[in-house]
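Dear colleague,

I am handing over the structure below, and I would be glad if you could look through it alongside the notes that follow.

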Amino acid sequence: MPTKKIVCACLLILLSVSSARAVITLDGDFDHGGLDEANSSVAGNLVMLAGRDNYNAGDWKWLYFSADGVNGLQPTFRIGDNFNTGGSSLVGHAMVYSYDQENWSFFDNNARSSSAGTFTFSNNSAFTQNQVWVAYGLPYSAGRTASHTSQLVSSPWVSPTLSGNSSLVIGQSPGGIDDLGRTVMPQDMYGYKISDPTGVPDKKKIALVSGVHSNETLGNYNLEGLVDFLVSDDIEASLLRKYADFYVYPMANPDGRFAGYNRSTVQRESLDPNRYWVPPNYNNLDDIEVVGDALIADTGGDVDYLLDFHSTVNGKDGHHGLILPAYQSDPMWLNLLQLDPGVHTQGASLIDDTGAKFGRVHLNAEFSATFETQFLAGENIDRFLTLGRNFGLAFERTFVVAADLNFDGQLTSLDWNLFLAGSETNLSILSPIDAYAAGDLNGDGFNDIIDFGIFKNAYVLANGLPGFQALFTQVPEPNSKSTTLIALFCLALFRISRHPLCSGSF
Ligand SMILES: [Zn+2]
């Protein structure tokens, strides 16, 4: 056979092999996966998807599957617009894809057709790997909670709660048989405390919950971002841990999450799990009971704040808190609004037996709210982790007493004595929190004139100018450090000739 013909034959064989390999196969059978595989199909380049909904029969409100055999292909995906809250909820929505279930991208083209009753999405270029995962929104699996929690076990700031063991496990979910007839095994449920035990005597207590609704994944990213901040070495986190203890319950409905459900638990799939936060039996929602009972036992039934992180799966009007009118001027909430202009306030009544009402009624919280985030095109995981961090910064701004160097919760002459002892000193070899305690209030590694200005402003704010002036009358024998500071004091007050301390020579 001539060489050219051999090459052609080989090419034909290669083409037939590659086209045989190009058959796309779909799979929704994994942790958090959600697809009606039996009614989905692939025809050439068109992937027709059927949504699955355990909670609203005939609709869908979560979608997550893998497509195998897509390398080099540019398929079009299509699903009916029988979205639970109406097809119009899909207007402006963008589906996501990933090659590793960790890093997600938005599809280039997303369009709902009301006349055709469809939502169609595709990319402008071919997939570059053979397997791709596709989802309605940024997924957060039950397994991610387990692995994130396991990483916290070794943190010096994380400890088990009264209800938990050394693996931070507070109980087991009930498991059950899901809508596809699959057995969902009972899973570990987690709870833990984040605290610096050397903090102020009367610390604030904050309860944090997420994962109540099985498809509201962004709430879990919020909470993960907040927890990552709380256990970090950031000076703001180190300070906050001195003033507040956090009780964290990251996944209240692991079975529903694992099964790829919309909204409910597997055990009671016709019930909304955020309507039965009522001890002692929580309407037989055993997952909620594990978390609710742990919250009561671990906190002694008394917290200052409870935040329950959800997501409004269908909404596009922006991230918001559902805040009881009486809570809307709470300083933490106002600080958050200032830190994150992408967040707004919506009203709440706390009539239904939600987690937020549970916080108010059963934990005597002074502030208890549901926080709602939304799947917005272009907003990726980092956005929601940052939003969680902003909650941490809001708590820090609210609770930390500025320049309280001995962490007793008050700014007094005792703090001044510590400031004086550390003044004019290079503190850069210390950890940020130890340097702070020695008077490095701006985190530059030194206790110097800038820190003096910060200390003075904080002290005047807390105790008035006479209170600040009184610090200097307590100096019996000026040493070199206090002499320097008295000079600074005089300069700071612009009253060199008026104050008795300023009239002497140093
Ligand atoms: Zn929810």
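In which strand is the place of E372? E372 is found in β22, residues 367-373, where strands are DSSP runs of E of at least two residues, helices are runs of H or I of at least four, and both are numbered from the N terminus. Please keep in mind that this is a predicted model, in which local features need pLDDT of at least 70 and side-chain atom pairs count only at pLDDT 80 or more, while totals for chains, interfaces and linings use all residues. Residues are numbered from 1 along each chain as its sequence is written, and side-chain values use heavy atoms, with hydrogens and water left out.

UniProt, in an unreviewed entry, lists E372 for "active site"; its positions are given in the numbering used here, feature names are shortened, and annotations may be inferred rather than shown by experiment. E372 counts as buried at 10% relative accessibility, the classes being buried under 20% relative accessible area, exposed over 50% and partly exposed in between, with a 1.4 Å probe and protein chains only. Leaving aside residues up to four places away in sequence, E372 touches H310, S311, T312, H319, H320 and L322, a contact meaning heavy atoms within 4.5 Å. A polar atom of the E372 side chain lies 3.5 Å from the backbone nitrogen of S311.

H310, one of the residues touched by E372, is also a zinc ligand through ND1. Along the chain the donors follow the spacing H-x2-E-x93-H. E216, in the loop between β17 (204-210) and α3 (217-230), and H310, in strand β19 (residues 305-311), are 94 residues apart and link distant parts of the chain. Both are buried, E216 with a relative accessible area of 5% and H310 with 3%.

Two backbone details deserve a look as well. A cis peptide bond, with omega about 10 degrees, joins P279 and P280, and P280 sits in the loop between α5 (254-258) and α6 (286-299). F407, although not a glycine, has a positive phi of about 50 degrees; it lies in the loop between α9 (381-399) and α10 (413-422) and counts as buried at 9% relative accessibility.

Technical notes. A polar contact is a pair of N or O atoms within 3.5 Å; within protein, one must be able to donate a hydrogen and the other to accept it, and residues adjacent in sequence count only if both atoms are side-chain atoms. Donors are N, O and S atoms within 2.8 Å of the metal (3.2 Å for Na, K and Ca); water is not among the atoms, so sites may look incomplete.
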